[in-house]
Amino acid sequence: TQPDDSGKPLGKAEFIEQGDQICAAVPQEYNENVEALEKEAKKTKQPKPSEAEKNLKAAVPPLYVAVEAFEELTPPKGEEEKTTAIVAALESAAKGVEEKPKSELSGTKSPFAEFQKLTFEYGFKGCNHL
């Protein structure tokens, strides 16, 4: 299903379903970006991209796409504060990876820790594994 950008508030289940779809696209895009980076390196006979380079060039762009997609969803009535916090945590994670591209992408010290905690508490099935 396409994200609902009609401006009508979504039900909580719909918001979670659409949010999980947004999150599912991030690792797919990351993998495609890594593949492109590695092909380019091979073609130009450069060393394989470092973890930091992969994080910056492959992980960060799809995170900002996800932030924008979340911002287009109209949150369920009365849930605006929680959903705003979730989007802010995702944006903060993207910025965290940009600032420290060598940081761990999982675990309690990960830039994603807050996003994972908030999405888990909200009831997401996929976003809390991002």
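How closely do the axes of α3 and α4 come, and at what angle do they cross? They come within 8 Å and cross at roughly 150°, where the axes are lines fitted to C-alpha atoms, for helices over the stretch in contact, and angles run from 0 to 180 degrees between N-to-C directions. This is a predicted model, in which local features need pLDDT of at least 70 and side-chain atom pairs count only at pLDDT 80 or more, while totals for chains, interfaces and linings use all residues. Residues are numbered from 1 along each chain as its sequence is written, and side-chain values use heavy atoms, with hydrogens and water left out.

**The whole chain**

Helices (H or I, at least four residues) and strands (E, at least two) are DSSP runs numbered from the N terminus. Taken along the principal axes, the C-alpha atoms fill a box of roughly 55 × 30 × 20 Å.

**α1 and α2**

Select α1 (12–43) together with α2 (residues 51–72). The axes of α1 and α2 come within 9 Å and cross at roughly 150°. That makes α1 roughly antiparallel to α2, a term for angles over 145 degrees, with those under 35 counted as roughly parallel, 65 to 115 as roughly perpendicular and the rest as oblique. The crossing of α1 and α2 is right-handed; a crossing is right-handed if the near helix is turned clockwise from the far one by less than a right angle, and left-handed if anticlockwise.

**α2 and α3**

To see the contact (heavy atoms within 4.5 Å), show side chains including Leu 56, Val 60, Leu 63 and Phe 70 of α2 and Val 87, Leu 90 and Ala 94 of α3. The residues of this contact divide into 11 nonpolar, one polar and four charged, with Ala, Val, Leu, Ile, Met, Phe, Trp, Tyr, Cys and Pro counted as nonpolar, Asp, Glu, Lys and Arg as charged, and the others, Gly among them, as polar.

**α3 and α4**

Now return to the opening pair by selecting α3 and α4 (113–122). Their crossing is left-handed, and Lys 82, Thr 83, Ala 85, Ile 86, Ala 89 and Leu 90 in α3 meet Glu 114, Phe 115, Leu 118, Thr 119 and Tyr 122 in α4. By class, this contact has seven nonpolar, two polar and two charged residues.

**The loop at Ser 103**

Select Ser 103, which is found in the loop between α3 and α4. Ser 103 touches Asn 55, Gly 96, Val 97 and Pro 111, not counting residues up to four places away in sequence. Ser 103 and Lys 12 are 91 residues apart in sequence and 32 Å apart in space, C-alpha to C-alpha.

**The largest pocket**

Finally, select Val 26, Pro 27, Tyr 30, Ala 59, Leu 63, Leu 105, Phe 112, His 129 and Leu 130, which line the largest pocket. On a 1 Å grid over the protein atoms alone, a pocket is an open set of points where a 1.4 Å probe fits, with protein on both sides within 12 Å along at least five of seven lines, and lining residues have an atom within 4 Å of a point. About 200 Å³ of space lies in the largest pocket, the volume being the space filled by probe spheres set on the points, which are joined across faces, edges and corners. α1 gives the most to the lining, with three residues, and by class the lining has eight nonpolar, one polar and no charged residues.
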